[in-house]
Each structure stands twice: as C-alpha cells, then as structure tokens.
Amino acid sequence: MTIDALAEKIRAGKPVHALRMIDDRWPELDGQGASFAECVFERIQFSNPVLNEARFANCRFVSCRFAHAELAGAHFERCNFAGDDGKGCSFAFSNLQRAAFTACDLPLAAFDRTELFAVEMRNCNLTGAKFTKVDFGRALSRKKLETRASFHACKMDLADLSESKLPGCSLAGSRLREADLSGADLTDADLANCDLFQAILDGAKLSGADLTGAEVSGLNLTALADFAGLKINDDQMFRLLDAMGVSVRVRER
C-alpha cells in the first residue's frame, strides 16, 4: 500500500487491514482516530506520529520505537510488541495519556519519560518492562496533582517500577514477582490479590495501601518508608510478623 493510499483510507475513516511495513519510518500523516487490524510493523521508527484515539487490533510491533508519539486515548487490543531478537518495543518522550492496552504482549517494553496519566492495562504481559521517569499524573492546578493508572491482572514479573509515583492507583490482581518497586510511592494504592513474592520494596511508601489477599512472603515492613494504615488480613499478619523475626504465639482457649 502506498503512502497516498494509506492516507486516503485514513481520511475516509476506513479501517486499515493487513498492512505490512518493514525497516521504515512512519509517514508524516494524521492518523488520529485511525483503525488498524491484523497489521505488522517490523523495525519501524514512529517519530512524532499523530495517532491519538487510534485503534489497533491483533497487530504486531517488532522492535519498533515510538519517539515523541501522540497516542493519547489510543486503544491496543490483543497486540504483540515482542521482538524476535528478544528485545521489546520502546516508548520515549511520548503521550500515552488515557491509552488502553487489553490482552497485549509487552515483554521487556521500555517506557522512558512518557506521559501515562490514566493509562489502563488489562491482562497484559509486562514481564521485564521498564518504566523510567514516567509520569502517571497531571496537574490540576499549581498545587494540586491528580494521579491515575490501572494495571489489572497483568503479568509484571521482573518489571522495573522503582521510584514510580503511583498513589491511589490500581495494580489489583497483578503478578509482580521479583519486580523492583524500590522507592515507589504506592500510598493508598490497590494491591489486592497481587503476587509480590520477592518483590523489591525497599524505601517504598505503602501507607493506606490495600494488600488484602496479596502474596507477601518475604516482605519486610521495616524496609518500607511508610506503611501506616496498611490493609491486610489475618493470614498476612502472621507472615509479615514472621518476616520481621517476630514469633507469634496464639493462646489456646
């Protein structure tokens, strides 16, 4: 498909189906609201693309790089971002506010200095993904900041979310085995039913966070920056105290 034909299809509001691009740059065209299905993008440089509110279904992105990409409100459903060389795709200095990823494969993806306010990821594979200086918030005024993000039932083993600011956000039901959450702000976050086995939480803020039903084996509360108001259930209480070296004896009645 030529660039002119692609541009005409997008302008006409017609879905782009089975497009295949290899070793190229995304053309300078307005893709806002465009719809793509069953497309393959291999080693494509998406530099300054305008793809706000675009929809991608069953598409494959192989070793692609998104730089200064406008992807606000974009929807990705059942898309694969895994590379044949074992490398993931990267998003740098991009706008992914309110973007949604559903059942997508994003292993080793790199999000660098990218706006992720209100991003929603559901049932996604983010194994080894790295979030570097990303922004999950937006300024409502000079003194008020709103933070919003949702990672629901995602696989995030070995992911790097160190120093991330995620107060009030949800990671409910996600698997975060050996993930790096050191220094992360998870104040009032929803971590219910998460698997945090061997997750690194040194210096993390968990005050008011909901950990009910979460796998917390190995979590040492003394290594946290704050855990006031932490929500847990009875079973977790004994495990957490045991990790701190406290032996709890239950009096028989």
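Author: Gladly! By class, the lining of the largest cavity has four nonpolar, three polar and no charged residues. This is a predicted model, where local features need pLDDT of at least 70 and side-chain atom pairs pLDDT 80 or more, while totals for chains, interfaces and linings use all residues. Residues are numbered from 1 along each chain as its sequence is written, and side-chain values use heavy atoms, without hydrogens and water.

Reader: What is the volume of the largest cavity, and why is it called a cavity?
Author: Its volume is about 30 Å³. The name applies because, on a 1 Å grid over the protein atoms alone, a 1.4 Å probe fits at its points but cannot get out; lining residues have an atom within 4 Å of a point.

Reader: How do you know that strands S10 and S12 pair?
Author: Pairing takes at least two bridges found by DSSP. S10 (residues 100-102) and S12 (residues 119-122) have three, in the parallel sense, so they pair. Thr-102 has Arg-122 in S12 as its bridge partner.

Reader: Which strands are the edges of the open seven-stranded sheet?
Author: The sheet runs S1-S3-S5-S8-S10-S12-S16 with parallel pairing. Its edges are S1 (16-17) and S16 (149-152), as each pairs on one side only.

Notes:
On a 1 Å grid over the protein atoms alone, a cavity is a set of points where a 1.4 Å probe fits but cannot get out, and a pocket is an open set with protein on both sides within 12 Å along at least five of seven lines; lining residues have an atom within 4 Å of a point. Grid points are joined across faces, edges and corners, and a volume is the space filled by probe spheres set on the points. Ala, Val, Leu, Ile, Met, Phe, Trp, Tyr, Cys and Pro count as nonpolar, Asp, Glu, Lys and Arg as charged, and the others, Gly among them, as polar. Helices (H or I, at least four residues) and strands (E, at least two) are DSSP runs, numbered from the N terminus.
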